[in-house]
Amino acid sequence: MTTLRQPPAATRPGVRPNVVGRTGLYALLLANAAVVTVFFVQAGFASNALLVLGRLTGLYAALLMAFQLLLVARLPWFDRRIGMDRLTSWHRWTGFSVLWLLLAHAVFVVLGYAGSSSLDPVNQLVDLAETVEGVLRAIVALALVVVVGVVSARSARRRLAYETWHFIHLYTYVAVVLAFTHQVAAGTTFTASPVATAYWYTLWGAALAAVFAGRLALPLWRNLRHRLRVTAVVPENDDVVSVYLTGRDLDRLPARAGQFFLWRFLTKDRWWQANPFSLSAAPDGRTLRLTVKRAGDGSAALRHLRIGTRVFAEGPYGAFTALHRTRPDAVLVAGGVGVTPIRALLEELHGHAVVIYRVATDRDAVLYDELRDLALARGAALHLVTGPPVPDRLAPGELARLVPDINERDVYLCGPPPMMNAVLGSLRELGVPRPQIHFERFSLAG
């Protein structure tokens, strides 16, 4: 039986929490950049222009490194309003900015000191490493950041297994600690005044505390509290399986329809793997359900889970929820197994909904019977669109035929990347306002 609940006020149309989240992050970064600049000026300028540029780029690099930690901390307030995929995208571009700023810092400082001595740049770097406390640590930190930057390039990412890339990426935290100790030992701005010293300690402490809280303390506390375990494993077809879970106090788990968790099923051969799977039913306070298509050894193994298997779940994550509604009515567009968060959202969304389910054949329409019954109960329109990808059956004209008032609705979209890109293009051609389009891609970092 489906339980219908009135959404909280924050989920009703007209509220723009994503704007609040983005504005908050931008304002936080700009305010801190202004503070850092003031401290830099108060500390006094160096003996030549290259050293001035070197110290300034170093300060901005340190600020962005602390900001990086905030982006990957997975704090619920930011994640619900911005979404992990967008936070991860910002993390990526901020990371490359840190890399270039650190390289500029090293080059400017070495050339600046070499210009006022008789040493060439290489020997000047060696001399600084041997005579100035903290410089050797900074060199190691820079080397680690360069390695992480290289493996984070798209061409390298495609050649590496996720687990390998993630392990290398963890060295970023080592680089952060080394960079901080370098700043403490050699940073003139850091020690220019008690206020500046207190500021930098507070900044780094807050950033590290955010990571500790979001990545370690909160997941551990929630899993100790809720104690999730598998209660049923139900094959939906040869390639798709649904896993049902229960636990303690699930009515206090702040999960929403459309969100996902990073799931670790604590078996002896899979406990170390974490995979992002969306909830395929709206949380009812008693059970959780995920529905997964076989795409590798990890997802294929779920079919053989034993009842009672303990589960460690990180989350909930994601901004693909009713929290971001801007219009009373909605269009829900699903492709393949991307129907799982769409099916969950249909339970929670109020107002009239049109559901468009795109699959190659009728046999691929996972959870279609549930979706049909739920649409009937909610008074929603359901369209099953089948056939090969060419011709495009979700082209602008077809979408306009299925939903004539699509410009007046929120559009929630989930499916394979090619399908999502095609539908996003159609929505742009139809002139659907960007704030009314909601989608999220799984892309994890840190």
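**Note on a pocket and a parallel sheet**

1. The lining of the second largest pocket comprises 23 nonpolar, seven polar and one charged residues. Here Ala, Val, Leu, Ile, Met, Phe, Trp, Tyr, Cys and Pro count as nonpolar, Asp, Glu, Lys and Arg as charged, and the others, Gly among them, as polar. The model is predicted: local features need pLDDT of at least 70, side-chain atom pairs count only at pLDDT 80 or more, and totals for chains, interfaces and linings use all residues. Residues are numbered from 1 along each chain as its sequence is written, and side-chain values use heavy atoms, with hydrogens and water left out.

2. The volume of this pocket is about 800 Å³. (A pocket is an open set of points on a 1 Å grid over the protein atoms alone, where a 1.4 Å probe fits, with protein on both sides within 12 Å along at least five of seven lines; lining residues have an atom within 4 Å of a point. Points are joined across faces, edges and corners, and the volume is the space filled by probe spheres set on them.) Of its 31 lining residues, His105, Val109, Val135, Ala138 and His182 are the closest to the centre.

3. Helix 4 contributes the most to this lining, with eight residues. (Helices are DSSP runs of H or I, at least four residues, and strands runs of E, at least two, numbered from the N terminus.)

4. Five strands form an open sheet in the order 9-8-7-10-11, with parallel pairing; strands pair if DSSP finds at least two bridges between them. Its edge strands are strand 9 (381-385) and strand 11 (437-439).

5. Strand 10 (residues 410-414) pairs with strand 11 over three bridges, in the parallel sense. Tyr412 has His438 of strand 11 as its bridge partner.
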